[in-house]
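Reader: I've got a new structure to get through today. Can we walk through it together?

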Amino acid sequence: MRVLAVGDCGVDRYVDIRADRAGGISLNFAANALLCFAPDDHIGILTVLGRDREAGIVEESFAHFGLDVMIARQPDITPIQYIDRDPDGERIFVRYDAGALARHRLTSDERALIAASDVMIATVFPEIEAFFETVAAAPSSGLRVLDYCNPGPPEDRLAYPRRYTPQFDLGFIRCEAGDNDRLDA
């Protein structure tokens, strides 16, 4: 089986301890997929990185996990999630800079990789919506999974499920109290 995580791989910058760690939802998915799928299954990533020091941090993580990766290089920064922590150690997401990922659009080779996957998982959130549009439009015959890590911009909290559900087979969405009525609509 060919499993492909498409999208955000970058650096989690912990501002409280001044440390950078490889992160991003697509990297997290692929690393966890290695534990859940059979050893002979192929787990890969399609992502966009800048040409900076932070890209090296992410690439070291790819090598550590033994992931097959297709990296689009852009003359911009590698995505960075700025994280602080409260006194109990709970993460506080301060700011996200999508950098190179925000400006990239899939190439024909990248679309071919998606088309060849048996399972493709992607994520959508406001900072990378233009990139994600090209992912959603890429044809594939395998299972298409979407993690709505953010269901929409503040002015329309369920914009993404309404817009992208027809293009995906399975979706994960975080809901809050009171969202049931909106989801039934």
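**Strands, helices and cores**

Author: Let's start with β2. This is a predicted model. β2 is mostly covered, with 5 of its 5 residues buried.

Reader: What does β2 pair with in the antiparallel sense?

Author: With β3. The two run antiparallel and are joined by 5 bridges. They form a hairpin, with 4 residues between them.

Reader: Which residue in the turn has a positive phi?

Author: R18, and its phi is about 50 degrees.

Reader: And which strand pairs with β2 in the parallel sense?

Author: β6 does, over 4 bridges. Take Y14. Y14 stands opposite A19 in β3. Y14 also stands opposite I83 in β6.

Reader: New topic. What is the strand order in the open sheet of 6 strands?

Author: The order is β5-β4-β1-β8-β9-β10, and the pairing is parallel.

Reader: Which strands stand at the edges?

Author: β5 (68-73) and β10 (170-173). Each has a single partner strand, so one side of each has no neighbour in the sheet.

Reader: How many degrees is the twist on average?

Author: From one strand to the next, the twist averages 15 degrees.

Reader: Back to β5. How many bridges join β4 to it?

Author: There are 6 bridges between β4 (residues 42-49) and β5, and the two run parallel.

Reader: Now the inside. How many residues are in the largest nonpolar core?

Author: It has 28 residues. Those with the most contacts inside it are V6, I114, F132, V135, L146 and Y164.

Reader: Which elements give two or more residues to this core?

Author: β1, β4, α3 (100-103), β8, α5, β9 and α6 (159-164). The largest share, 4 residues, comes from α5.

Reader: What is F132 in contact with, leaving aside its neighbours within four places in sequence?

Author: A122, T123, V124, L146, Y164 and F168.

Reader: How many residues are in the second, separate core?

Author: That one has 18 residues, including A5, A30, A33 and I45.

Reader: Why do nonpolar side chains tend to be buried together?

Author: I can only give you the general pattern. In soluble globular proteins, nonpolar side chains tend to be buried together.

Reader: OK, helix α2 next. Which of its residues are buried?

Author: E54, A55, I57, V58, S61 and F62. Seen down the axis of α2, they fall within an arc of 160 degrees, so they line one face of the helix.

Reader: And which residues are exposed on the other side of α2?

Author: R53, E60, A63 and H64.

Reader: What covers the buried residues of α2?

Author: The cover includes β2, β3, α1 (25-36), β4, β5 and β6. Just after α2, G66 takes a positive phi of about 70 degrees.

Reader: Last bit, the overall picture. How many helices and strands does the protein have?

Author: 7 helices and 10 strands. The radius of gyration is 16 Å, close to the 16 Å that the globule rule gives for 185 residues, so the protein is as compact as a globular protein of that length.

Reader: What share of the 185 residues is buried?

Author: Buried residues make up 45%.

Technical notes
Residues are numbered from 1 along each chain as its sequence is written. This is a predicted model: local features need pLDDT of at least 70, side-chain atom pairs count only at pLDDT 80 or more; totals for chains, interfaces and linings use all residues. Side-chain values use heavy atoms; hydrogens and water are left out. Two strands pair if DSSP finds at least two bridges between them. Axes are lines fitted to C-alpha atoms, for helices over the stretch in contact, and angles run from 0 to 180 degrees between N-to-C directions. A nonpolar core is a set of buried Ala, Val, Leu, Ile, Met, Phe, Trp, Tyr and Cys residues joined through side-chain atoms within 4.5 Å. Buried means under 20% relative accessible area, exposed over 50%, partly exposed in between (1.4 Å probe, protein chains only). Contact means heavy atoms within 4.5 Å. The arc is that of the directions from the helix axis to the C-beta atoms. The radius of gyration is taken over C-alpha atoms; the globule rule is 2.2 Å times the number of residues to the power 0.38.
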